[in-house]
Amino acid sequence: MAGPRVLVIGGGLAGLSATMRLAELGIDVDLVSLVPVKRSHSACAQGGINSVNTQTRQQGDNEWKHFDDTVYGGDFLQHQPPVKEMAEWGPRIVDLMDRLGVPFNRTPEGFRDQRRFGGTLYKRTAFAGATTGQQLLYALDEQVRRWEVAGKVKKWEFWDFLQPVLDDSGRCRGAICQDLVTMEFRAFPADAVIVASGGCGLVFGRSTMSMVCTGSAASRCYASGAFYSNGEFIQVHPTAIPGADKLRLMSESARGEGGRVWVPKTPQDPRDPRDIPESERSYFLEERYPKYGNLVPRDIATREIFDICTNEGLSVEKDRLCVYLDLTHIPKETLDRKLGGILEIYEKFQGVDPRFVPMKIFPAVHYSMGGLWIDYERSPSGGLVEGSPRNQQTNIPGLYAIGECDYQYHGANRLGANSLLSCIFSGLFVAPGVAASVGEATRSEPAPQLLNDALKAQEKRHLDLLSRPAGGENPYDLHDQLGKLMTTDVYRRASQRPACRGLRRCLRPGAAVAEVFAFRHRKLDKSKRGLHQGGWVTCFRWPK
């Protein structure tokens, strides 16, 4: 029998860190990515990565406070043992990335520079300019390439994950994927499948997410019986650049370096913002939250910006909701050194230099806190048992989820700069458990017919789609309808009842969007609902 083999779906930070660690443990890995791994959405992360460090310890910071800030920011709806373990691993992870060559910004003394992020009072966030995600991604890609040369890893770029393959006992034995260049279908036998496919922001139409963040991989696991939990927890980032094609992130690091959010006290004041005196400006976040100022947790900042623009009528523009994000009081040299990447983005798409003119920003869908339900094994100290096969495993044995597509680290609201940490942590931490689960004592080869039948079913589905008569529904139009509905009736509603009305419109029998999701023929079963640590964790599944 050949040695164990694991299939990793997704080439972002979570997928690359899991692949690197599995290869170090001697396990062969197939790495499937919808795009070249260096183009994964992790490259769009800007602000930094959280961890306690020597400097913040001198200010009174510690891992427990990082844990406490994370749980508090997520409204106590996380699974707390994984969050505790993540906070304790944070310093080691940032040290590891430093040693792998990530060019973190430095102080004149040579220490890693740190900045504050929302929801904390400490400068806990290490950063590499305003392109931290890209630098972390490139460092991990170099390590995976090393294992690729050694023969432990094989990359499959431009391949799409279509379904996990389950045997009669319900265990995942591999997956079916498709080459998007040649349209070839291929069965990937695997002792375990790790899904690291990112979030689902494009369900809302325009968002800060990349065009590949559709949630398709997670939805295909869900359709195969995996539980999907806390799907209602979608983070709306308070500062994004409005655009007709998409919404572009303006990192929280802009506020972490001293950026101030304000509106004129006169509705739609026609003057140049630089000509409006301080006495006629409302720095509403600083006024309402003096302790945290402009770095309140993201959900609070988003609600306040919505409120000031809609209920109080103080939007900067009449026909477009927006507020000012002002960096003009910060020296240009400092802005170029610490925020150059994001300022170039604003200048490119808005035609205005934000070093000298305040930016116009507004909230946008940014991150999926909910995702595939996953398990964990709690240690006596309140963290996790390292090497347990239960860690990060879905309700389908042999199928794991890590990174943004799992649900347990961020609760109802992610703390800024915790996303990169949770992705790398879950990737590194899942590997020993997977290695234990695919040990020789528990392994058996899948029946070839099992994978072959699944492969033929996908090929038939593909041919059926191509042979449909022309003139039917347009999938691009359906996506546009869904995005508008989700944005109007779910994302922009402050109360729960209108959001539920919007979801009912999605689920209404006969609706075009409902047909896309096959809701016309199957009803949601809400029986899988459990109370955990003082908050509701909602799981939905299709009935058999």
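## A tour that starts at a helix crossing

Select helices H1 and H11 to begin: H1 crosses H11 in the right-handed sense. Helices (DSSP runs of H or I, at least four residues) and strands (runs of E, at least two) are numbered from the N terminus.

Some housekeeping first. You're looking at a predicted model, where local features need pLDDT of at least 70 and side-chain atom pairs count only at pLDDT 80 or more, while totals for chains, interfaces and linings use all residues. Residues are numbered from 1 along each chain as its sequence is written, and side-chain values use heavy atoms, with hydrogens and water left out.

**Stop 1: H1 against H11**

Two packed helices are described by the angle between their axes and the distance between the axes. For H1 (residues 13-24) and H11 (residues 418-437), the axes come within 7 Å and cross at roughly 30 degrees. Axes are lines fitted to C-alpha atoms, for helices over the stretch in contact, and angles run from 0 to 180 degrees between N-to-C directions.

Now show the side chains. On the H1 side, pick out Leu-13, Ala-14, Ser-17, Ala-18, Met-20, Arg-21 and Leu-22. The H11 residues they meet include Leu-420, Ile-424, Leu-428, Ala-431 and Val-434. Contact means heavy atoms within 4.5 Å. Sorted by type, the residues where H1 touches H11 are 12 nonpolar, 3 polar and 1 charged. (Ala, Val, Leu, Ile, Met, Phe, Trp, Tyr, Cys and Pro count as nonpolar, Asp, Glu, Lys and Arg as charged, and the others, Gly among them, as polar.)

**Stop 2**

Zoom in on S1 (residues 5-9) and S10 (residues 192-195), which pair in the parallel sense over 4 bridges. Two strands count as paired if DSSP finds at least two bridges between them. Look for Val-8, which stands opposite Ile-194 in S10.

**Stop 2: Lys-154**

Select Lys-154 in strand S6. Is it buried, partly exposed or exposed? With 43% relative accessibility, Lys-154 counts as partly exposed. The cut-offs: buried is under 20% relative accessible area, exposed is over 50%, and partly exposed is in between (1.4 Å probe, protein chains only). Leaving aside neighbours within four places in sequence, Lys-154 is in contact with Arg-5, Val-29, Asp-30 and Leu-31. Try the distance tool too: the C-alpha atoms of Lys-154 and Asp-28 are separated by 8.3 Å, though the two are 126 residues apart along the chain.

**Stop 4**

Jump to H3 (residues 63-73), where His-66, Phe-67, Asp-69, Thr-70, Val-71 and Gly-73 are buried. They pack against strand S3 (49-50), helix H4 (80-99) and H11. At the start of H3, a side-chain oxygen of Asn-62 reaches to within 3.1 Å of the backbone nitrogen of Trp-64. After H3 comes Asp-75, with a positive phi near 60 degrees.

S3 leads you to an open antiparallel sheet of 3 strands, in the order S3-S5-S4. S3 joins S5 (residues 125-126) through 2 bridges, and Asn-50 stands opposite Thr-125 in S5.

**Stop 3: strand S14**

Last, select S14 (residues 260-264). Of its 5 residues, 4 are buried, so S14 is largely enclosed by the rest of the structure. S14 pairs antiparallel with S16 (residues 323-326) over 3 bridges, with Arg-260 opposite Asp-326. S14 also runs antiparallel to S15 (residues 281-282), joined by 2 bridges; here Val-263 stands opposite Ser-282. In the loop between S14 and S15, find Asp-269. Asp-269 counts as buried, at 9% relative accessibility.

Zoom out to finish: the protein has 15 helices and 21 strands, and buried residues make up 57% of its 544 residues.

Note on methods
A crossing is left-handed if the near helix is turned anticlockwise from the far one by less than a right angle, and right-handed if clockwise. A polar contact is a pair of N or O atoms within 3.5 Å; within protein, one must be able to donate a hydrogen and the other to accept it, and residues adjacent in sequence count only if both atoms are side-chain atoms.
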